[in-house]
Amino acid sequence: MTHISVTVDGTAYEDEVEPRLLLVHYLRDRLGLTGTPIGCDTSNCGTCTVELDGASVKSCTVLAVQADGGEVTTVQGLAHDGEWTPLQRAFHERHALQCGYCTPGMIMAARDLLRENPHPGADEVRKALEGNLCRCTGYQNIVRAVLAAAEDTSASERQSAQEQSAQEVTA
C-alpha cells in the first residue's frame, strides 16, 4: 500500500492505496464520485476525463499514486452553490447530450480547451474533442454548446469589466 494525499473538488483526502489503482477507480470506488464514468478502460473514449493540476487527463490512464500531492477536479466539482458553469449550462440549453454517458468527459475536455483558447472556432472545438467519443449525438450540438459557452463567458467577462470600470468612476 502507498500513502497518498490528494485534493479532489476542493476536499483534501489522505488514503492508503494499491500502487496499481487507477485514478478513475479511486474517484468512483473510494470517494464515491460516480460522476466520472468508466467507459472503455483503454483511454479511447474520454468519458473519464478529469483535471489533474489544471490539465485534462483521462483518469483511466493515471494511477491514483500519480495524483499524490495534486489537485483533481471532476465534473461534480464544477458547479458552485448549485449554480452551473456557463459550459454546463450551455450543454443543457443546447441539448448537447442524449444518453449523457460521454457528457462529463466532454465538459472537462471542453473546459480545458476554453482555458487555453477562450474564443475557439468550430474546427478548433472539434479538434480539441476528438479524443472524446459520443455514440449518439452526432457532435453538432456539443460543438454548438462549447461555442455558446465561450460566447457566454466572454459576455460575462465584458459585463464584469464594465461594472468594475463604472465602480471605479463613481468611487
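I take helices (H or I, at least four residues) and strands (E, at least two) as DSSP runs, numbered from the N terminus. Two strands pair if DSSP finds at least two bridges between them.

The model is predicted, so I use local features only at pLDDT of at least 70 and side-chain atom pairs only at 80 or more, while totals for chains, interfaces and linings use all residues. I number residues from 1 along each chain as its sequence is written, and side-chain values use heavy atoms, without hydrogens and water.

Five strands form an open sheet, ordered 2-1-5-3-4, with mixed pairing. Strand 2 (11–17) and strand 4 (55–58) are at the edges; each has a single partner strand, so one side of each lacks a neighbour in the sheet. From one strand to the next, the twist averages 35 degrees (axes are lines fitted to C-alpha atoms, for helices over the stretch in contact; angles run from 0 to 180 degrees between N-to-C directions).

**One pair.** Strand 3 (residues 49–52) and strand 5 (residues 71–73) are antiparallel, over two bridges. Glutamate 51 has threonine 73 in strand 5 as its bridge partner. Helix 3 (residues 103–116) packs on the sheet and touches strand 3, strand 4 and strand 5 (contact means heavy atoms within 4.5 Å). Its direction makes about 40 degrees with that of strand 3.

**Threonine 74.** Where is threonine 74 found? I find threonine 74 in the loop between strand 5 and helix 2 (86–93). Beyond four places in sequence, the contacts of threonine 74 include Leu27, Val50 and Met108.
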